[in-house]
Amino acid sequence: MPYNFKEKDDYEIILAIETSCDETSASVLKNGKDVLSLVISSQIKEHQKYGGVVPEVASRKHMENISSVVMAALSDAHKTFDDIDAIAVTKGPGLVGALLVGVSYAKGLALSLNVPFVGVHHIDGHISSNYITHSALKPPYLSLVVSGGHSLIAECLDYGEYIILGTTRDDAAGEAFDKGARLMGLPYPGGREIDELAKLGDAQKIDFPRARLKGNQLDFSFSGVKTALMQHIAKEGKENLKLNINDIAASYQEAIVDALVKNTKEALHKTGHRVLSIAGGVAANSRLREAMQKMCAQEGVTLYLPEIIYCGDNAAMIGTAGYYMLKNKKFGSLGMNALSYIQLGENKCL
Ligand code: KG4
Ligand code: ZN
């Protein structure tokens, strides 16, 4: 079957697919930003009993779910396969077996419909999630990405074009939340639970350490605060943890948020950017949102926060990032592979 789709100036209706980790998601978008439907089928319950995502289980669940999730997204948008002008799919980074389900599905569908498809970088998707809600947001600007697998500060030069100014030396911010939650005996993933408990606690009660790093000052490190939490729990005992869980959660969260705000403020100073966006699962954290709003108000910086639904993994953000790739004719080929790691942009140490 030949794959010679006809190039167009505009791809009005995009079907987007995301299967990089533990959410099978599909979305139909009009003109890149108008989300006509978004379906997210979470596998969290499947993985909770193991305390983390099991890659083999994730791939199998994506296989079982992908067709019905896509059909539901089409039906919610009142569209059929014939209405689709292009397909956007996450090609990496992520769990390779999980990614392959989405990539293979997208390639097969693109071939049978004779429409183009694009392979989207997952983090480009997270950063692009802010375009859905904020029509005023346009490159260049600075972005802080905080998810389960990534923490980075990036300069967005143009749509899909980034320079990485800082990244994590060990755990990602979401990972720090999830590992902390595990130490506190909370269910996986744990970020949201810590956020909720922290609202009832005193964030100044325990002085957890903030990392001081040599080298790139915009890098993050969360292993120290995690170790300090482990030592605190071991020293004070299980009964104390039960009695003071709200204060422990609030103080632990404060240490993570502090580091994120401090480095982002530093990056704003160093680059001179006056516009900042935040993206990724941890962007849903209420304390982080509040602290960033305060810092940006003090600094006179315009802040864009994603809607909660677009913080975690979702296909709509992949559709928006894909829309700009289609505009720039960065089409995928049938030989395109899913990749567990792809560099988002060049690293630069300021
Ligand atoms: O972006 P995401 O859905 O997946 C990755 O690409 O990794 O992020 C998931 C992460 C998890 O670590 C989860 O605990 C964290 O986002 N998260 C939160 C909150 N909601 C989700 N962390 C802190 N506070 C929250 N409210
Ligand atoms: Zn993600």
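Before we click on anything, one term: a residue is buried when its relative accessible area is under 20%, exposed when that is over 50%, and partly exposed in between (1.4 Å probe, protein chains only). And a word on what you're looking at: this is a predicted model, where local features need pLDDT of at least 70 and side-chain atom pairs count only at pLDDT 80 or more, while totals for chains, interfaces and linings use all residues. Residues are numbered from 1 along each chain as its sequence is written, chains are lettered from A and ligands numbered from 1 in the order in which they are written, and side-chain values use heavy atoms, leaving out hydrogens and water.

**Stop 1: the zinc ion**

Select ligand 2, the zinc ion, and show its protein donors: His122 (NE2), His126 (NE2) and Asp313 (OD), at 2.0 to 2.1 Å. Donors here are N, O and S atoms within 2.8 Å of the metal (3.2 Å for Na, K and Ca); water is not among the atoms, so sites may look incomplete. The angles among the 4 donor atoms run from 95 to 135°, which makes the site tetrahedral (four donors, all angles between 85 and 135 degrees). Along the sequence, the donor residues follow the spacing H-x3-H-x186-D.

Helices (H or I, at least four residues) and strands (E, at least two) are DSSP runs, numbered from the N terminus. His122 is buried, at 4% relative accessible area, and Asp313 is buried too, at 17%.

**Stop 2: the sheet**

Next, colour the open sheet of 5 strands, ordered E3-E2-E1-E4-E5 with mixed pairing; two strands pair if DSSP finds at least two bridges between them. Which strands stand at the edges? Strand E3 (34–42) and strand E5 (117–121) do, each with a single partner, so one side of each has no neighbour in the sheet.

Zoom in on E4 (residues 86–92) and E5: they run parallel, joined by 5 bridges. Ile87 stands opposite Phe117, and Val89 has Gly119 as its bridge partner.

**Stop 3: strand E5**

Show the side chains of E5. Phe117, Gly119 and His121 point one way, Val118 and Val120 the other, and all are buried. With 5 of its 5 residues buried, E5 is therefore largely enclosed by the rest of the structure.

Methods: Tetrahedral: all angles 85-135°; square planar, octahedral: opposite > 155°, others 65-115°.
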